[in-house]
Amino acid sequence: MAYTVLIADDVRMNRTLLIDILKKKVEELIFLEAANGAEVLELLENNEVDLIILDLIMPVMDGYQVLNTLKKSEAFANIPIIVNSAIHEIHSIEETLKAGATDYFTKPLSPDDMEIILPLKVKNSIRMYEQQKTIKRYNDMTVEEIENATQFQKVMLPKSKNFTDVDLFIRFEPCIGIGGDFFDCVEINGKTWFMIADVTGHGIAASMASSMVKILFRTSLQHGDMTPGAVLTHINNNIFDFMDYSGMMVNNYTTFTGFVGCIYKDILTFSNAGQPYPVLYRNDIDKTIVLEESGPLVGAFENLHYEEHAMTIHHDDTLLLYTDGIFCNGQKSDFANWPMVHEYLSKNGHQLKGREEDFLDHMYWFFHMMLNTNEEDRFEDDVALMLIRKK
Amino acid sequence: MIKTVENDVMKLNLEDDLIAKNVKTLNMKLMDMMDEFDDVSEVVLDMATVKNIDSVGVTFVINLYKKVSDTGGNFRVVHSSEDIRQLFKLMKLEDFFDL
């Protein structure tokens with residue numbers, strides 16, 4: 001692959017000397033020549049340049065101006081610039097390197113400069129620029145992939161919505177645009193089904209797993225008279241049927257905490273697989289009830305049977321479900337903070353009705369405050385909050 | 001993770017938090033010692049130094065339990081903090097091994 005070196009010097013002989021040296025010592029170089037700074041900018045507009053060797057003292061536009069202009073330009077800021085100048089003062093060297101020049105060498109060139117140092121500096125600069133461009137290319141691809149996946153996940157997850165029997169309010173904040181938190185809510189034959197889950201880890205693998213959980217959840221509901229416990233059991237069995245972890249030490253990808261609930265008339269039935277305990281706000285008595293039932297993680301053990309529980313649910317009662325966003329980052333002994341979530345809902349539950357979106361905002365920031373006790377504690381996990389109010 | 005074997009019991013002492021960034025290395029160490037599970041009747045995971053654990057850390061413990069169980073050995077966790085014990089109980093891990 002050929003690389004293009006732009007040599008800027010107002011003295012033709014100097015340009016020719018540099019070209020002769022580099023032609024002998026570095027393979028596959030193409031040369032462009034500029035006699036002043038303005039010509040440098042003009043050539044850059046029309047050519048892909050991999051390195052600039054820049055004289056400082058030139059007419060029309062000098063090397064300092066060129067350097068400063070290029071470093072401010074989004075398109076050209078990363079092109080390496082080696083300054084080649086007759087100015088020996090350390091102040092000049094310092095200023096150009098501070099301004100972003102890759103390297104500096106002084107004229108006249110010594111025999112060592114010509115034979116060894118200049119060719120090596122050129123090779124190194126080009127190689128670094130090539131690596132930088134490769135990293136940028138991969139980074140751009142990654143960003144684009146994450147953006148696509150984020151859009152897909154937005155389509156997959158439900159939005160705040162009014163159902164026949166319940167109102168649903170959600171808040172989802174994945175830490176990198178996509179995440180392993182999953183939630184869903186659907187009405188089938190007069191029953192309102194909902195699920196919230198938190199896949200192990202976070203990022204792309206976790207979001208792929210959360211897509212699978214959605215399909216498993218919805219397909220399991222198509223099996224006759226399902227119950228929340230049966231749904232979790234069904235999903236767990238399917239994971240072991242579908243996935244092949246043979247030869248792998250770990251199963252980190254399809255293990256998750258999950259909670260499945262079903263509201264039918266005034267009965268809430270539910271089954272919990274390691275999710276933080278949901279909290280029910282009882283509107284009529286202004287009290288919260290913690291649903292302290294649980295079971296093993298889904299996807300961790302074969303042949304499990306998940307227990308389920310039932311309780312009455314009244315008009316305007318509101319159920320808060322959440323993926324902790326705390327336990328999963330391991331930055332604190334977070335689980336000890338779950339009672340704080342309950343306490344928060346106890347104090348603020350009476351303000352819920354009609355202000356659900358505000359409540360979820362406050363709840364989200366409350367999560368941050370719980371964790372971010374100092375600068376080093378960065379909140380870096382997916383968070384999903386779900387409010388379900390019985391009509 | 002420091003391994004000691006005494007009287008047919010293998011003890012694994014964790015030296016750091018059981019979180020995602022450490023689990024990859026722990027899994028590699030585990031791969032190297034898996035054959036040795038056949039030679040002991042019990043594996044004990046000592047979590048005295050573990051202050052924090054994340055979901056990947058929990059799956060490490062579960063996977064370790066499953067590997068030991070596959071060889072017919074007993075597995076238990078000792079010296080875990082009260083917080084970690086609470087978390088394991090929430091996930092019903094006490095139904096599978098002693099905490």
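In the predicted model, Glu28(A) occupies the loop that links helix 1 to strand 2 (29-34) of chain A. The phi angle of Glu28(A) is near 55 degrees, a positive value in a residue other than glycine. With 8 other C-beta atoms within 10 Å, Glu28(A) is exposed. Pro108(A) is placed in the loop between strand 5 (103-106) and helix 5 of chain A.

Two buried loop residues of chain A were also examined. Ile178(A) belongs to the loop between strand 7 and strand 8 (181-188) of chain A. Its count of other C-beta atoms within 10 Å is 26, and the threshold for burial is 20 or more, so Ile178(A) is buried. When residues up to four places away in sequence are not counted, Ile178(A) touches Ile146(A), Ala149(A), Thr150(A), Gln153(A), Ile204(A) and Ser207(A). Leu221(A) and Gln153(A) are 68 residues apart along the chain, and their C-alpha atoms are separated by 21 Å.

Chain A as a whole contains 9 helices and 16 strands. Of its 391 residues, 40% are buried. Among contacts in chain A with a separation of 6 or more, 67% are between residues 24 or more positions apart.

The axes of helix 1 (residues 12-25) and helix 5 (residues 111-156) of chain A come within 10 Å and cross at roughly 80 degrees. Helix 1 and helix 5 of chain A are therefore roughly perpendicular to each other. Helix 1 of chain A contributes Ile21(A), Leu22(A) and Lys25(A) to this contact, and helix 5 of chain A contributes Met114(A), Leu118(A), Pro119(A) and Val122(A). By class, the residues of the contact comprise 6 nonpolar, no polar and 1 charged.

In the second pair, helix 2 (residues 37-46) and helix 3 (residues 63-72) of chain A have axes that come within 9 Å and cross at roughly 30 degrees. Helix 2 and helix 3 of chain A are accordingly roughly parallel, because angles under 35 degrees are assigned to that class. Gly37(A), Val40(A) and Leu41(A) of helix 2 of chain A meet Gly63(A), Gln65(A), Val66(A) and Thr69(A) of helix 3 of chain A. The residues of this contact divide into 3 nonpolar, 4 polar and no charged.

The sheet considered here is an open one in chain A, with 6 strands in the order 6-7-16-15-12-13 and antiparallel pairing. Strand 6 (161-162) and strand 13 (287-290) of chain A stand at the edges; each has a single partner strand, so one side of each is left without a neighbour in the sheet. Within the sheet, strand 7 (residues 166-173) and strand 16 (residues 383-390) of chain A run antiparallel and are joined by 8 bridges. Asp167(A) has Arg389(A), in strand 16 of chain A, as its bridge partner.

In soluble globular proteins, nonpolar side chains tend to be buried together. The largest nonpolar core of the model holds 87 residues, of which Met195(A), Ile196(A), Val213(A), Ala384(A), Met386(A), Val61(B) and Leu64(B) touch the most other members. Helix 2 (residues 55-70) of chain B gives the most to this core, with 8 residues. Leaving aside neighbours within four places in sequence, Leu64(B) is in contact with Leu30(B), Leu45(B) and Phe75(B). A second, separate core has 27 residues, including Ala8(A), Leu51(A), Leu54(A) and Val66(A). Val66(A) is also one of the residues of helix 3 of chain A that meet helix 2 of chain A.

Methods
Residues are numbered from 1 along each chain as its sequence is written. Chains are lettered from A and ligands numbered from 1 in the order in which they are written. This is a predicted model: local features need pLDDT of at least 70, side-chain atom pairs count only at pLDDT 80 or more; totals for chains, interfaces and linings use all residues. Axes are lines fitted to C-alpha atoms, for helices over the stretch in contact, and angles run from 0 to 180 degrees between N-to-C directions. Helices (H or I, at least four residues) and strands (E, at least two) are DSSP runs, numbered from the N terminus. Angles under 35 degrees count as roughly parallel, over 145 as roughly antiparallel, 65 to 115 as roughly perpendicular and the rest as oblique. Two residues are in contact if their C-beta atoms, placed from the backbone, lie within 7 Å. Ala, Val, Leu, Ile, Met, Phe, Trp, Tyr, Cys and Pro count as nonpolar, Asp, Glu, Lys and Arg as charged, and the others, Gly among them, as polar. Two strands pair if DSSP finds at least two bridges between them. A nonpolar core is a set of buried Ala, Val, Leu, Ile, Met, Phe, Trp, Tyr and Cys residues joined through C-beta atoms within 7 Å. A residue is buried if 20 or more other C-beta atoms lie within 10 Å of its own, exposed if 12 or fewer, and partly exposed in between; C-beta atoms are placed from the backbone.
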